[in-house]
Every structure is written in C-alpha cells, then in structure tokens.
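The structure is shown first, and the notes follow by topic.

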Amino acid sequence: MTRAPVPMAMAAAALVAVVAAVVEVAAAATYTVGAPDGLWDMQTDYAQWVKTKTFHPGDKITFTYSPELHDLVEVSEAGYDACSSANNVSASRTGNDVVTLAAPGTRYFLCGLTGHCDSGMKIRVDVVVAGGSAPGPAAAAAGPSSSAAATAAPSAWRAAPSSAGIGAVAALLLQHAAVVIGRPLW
C-alpha cells in the first residue's frame with residue numbers, strides 16, 4: 001500500500017501548529033496569590049500584586065491561607081463589586097486552593113467571611129490570550145494598601161519551557177513529517 005504524498009505546505013503548517021501548541025502548554029505558569037511576601041490574607045495588597053502579572057489560559061493560581069480564618073469564593077462581577085458571596089460560582093475552604101485559568105476572560109475571587117472582602121480581601125484576574133497587547137491585566141482589587149505588598153517578577157520572567165525538551169519534540173515532529181511526506185524537509 002502506497003501513501004499519497006502530502007503537500008509540503010500542508011505538512012509544514014501542521015508542524016507549526018503542533019509545535020506552537022507544545023510551547024503554549026509548556027509555558028503555563030503557576031502563581032501563588034500574594035507571593036512572595038503575602039498570602040490570601042487581610043494584609044496583602046492584591047491590587048499591587050496583580051498589576052505585576054499577566055495571566056494566560058492554562059496558568060494556575062494558588063490561594064494559600066488558614067481555613068480557620070478565611071475561605072475562597074469565586075463570584076460574578078456584581079458579587080465582586082458588592083462584596084457578596086450570595087450567588088457564588090464556587091467556594092473552597094481547603095487552605096490551598098488551586099484554580100486553573102482555562103480560558104480568556106475575567107475571574108473574580110473574594111473571601112466570603114464577614115468584613116474580609118470590604119477590608120480588601122478580593123482580587124480580579126484578567127486572563128488574556130498569549131501575545132495579547134496588554135502589558136498586564138487591567139486588574140484591580142479594592143482595599144487598603146499594605147507595606148507587606150508583594151512585588152514579584154514580571155510575567156516576562158515566567159518559567160520558560162526547557163529549550164532542550166522543546167527541541168527534542170520539534171526534532172521528532174520533523175522526522176515524523178519527513179516519513180509522512182516521503183522525503184526530508186531540509
């Protein structure tokens with residue numbers, strides 16, 4: 001049985017798409033809310049913390065806190081603005097809650113304990129597509145500023161995927177494309 005030849009442009013396009021997908025997944029970052037100086041607490045300045053980040057689909061944010069003192073509630077924009085967890089999207093109280101930012105858009109989180117949100121324990125997270133023009137999320141959190149405000153590395157310092165690992169994947173994909181096409185690509 002003979003394979004039908006695959007046009008070079010089609011094979012190259014498929015290869016580029018696969019490599020781009022591998023790089024995007026490998027580049028996902030995990031952030032601890034408030035780190036390095038704070039946690040999910042009433043002392044951290046979340047407006048300052050979130051300004052130093054650019055969140056992308058696939059990133060994860062971890063809320064670390066004492067479950068005896070706080071909780072984590074995802075709410076709508078209206079709930080965020082009103083500091084109300086009445087009609088929440090989800091609620092957690094493990095003390096180590098990991099949220100995957102699966103898609104572009106805005107997510108709203110707050111502490112549902114009485115008075116905590118009004119004291120600034122809330123955060124708005126804007127998730128943007130990779131390569132977006134925004135230098136950072138148009139994010140805000142209300143509340144008093146704190147000298148314990150976290151200052152973290154810019155998103156450009158995100159953990160980069162291993163170039164050796166991506167190179168190995170690219171080499172395998174090129175070899176596979178050569179087999180499909182029936183001749184070397186180079």
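Strand β1 and strand β2 (residues 60-64) run parallel and are joined by 3 bridges. The model is predicted: local features need pLDDT of at least 70, side-chain atom pairs count only at pLDDT 80 or more, and totals for chains, interfaces and linings use all residues. Residues are numbered from 1 along each chain as its sequence is written, and side-chain values use heavy atoms, with hydrogens and water left out.

**Terms for strands**

- Helices (H or I, at least four residues) and strands (E, at least two) are DSSP runs, numbered from the N terminus.
- Two strands pair if DSSP finds at least two bridges between them.

**Mixed sheet**

- The order β1-β2-β5 describes an open sheet of 3 strands with mixed pairing.
- Its edge strands, β1 (30-32) and β5 (96-100), each pair on one side only.
- From one strand to the next the twist averages 20°, where axes are lines fitted to C-alpha atoms and angles run from 0 to 180 degrees between N-to-C directions.

**Antiparallel sheet**

- Strand β6 (residues 105-110) and β7 run antiparallel and are joined by 6 bridges.
- Gly105 has Val127 of β7 opposite.

**Asp126**

- Asp126 lies in strand β7 (residues 122-127).
- Asp126 counts as buried because its relative accessibility is 8%; buried means under 20% relative accessible area, exposed over 50%, and partly exposed in between (1.4 Å probe, protein chains only).
- The side chain of Asp126 makes polar contacts with the side chains of Thr106 at 2.5 Å and Arg124 at 3.5 Å.
- A polar contact is a pair of N or O atoms within 3.5 Å; within protein, one must be able to donate a hydrogen and the other to accept it, and residues adjacent in sequence count only if both atoms are side-chain atoms.
- Tyr108 and Asp126 are 18 residues apart in sequence, with a C-alpha to C-alpha distance of 8.8 Å.

**Asp41**

- Asp41 sits in the loop between β1 and α2 (46-51).
- Asp41 is buried but has no salt bridge (a side-chain nitrogen of Lys or Arg within 4 Å of a carboxyl oxygen of Asp or Glu).
- The nearest side chain of opposite charge to Asp41 is Lys53, 14 Å away; Lys and Arg count as positive and Asp and Glu as negative, while His and the chain ends are not counted.
- Not counting residues up to four places away in sequence, Asp41 touches Tyr46, His70 and Met121, where contact means heavy atoms within 4.5 Å.
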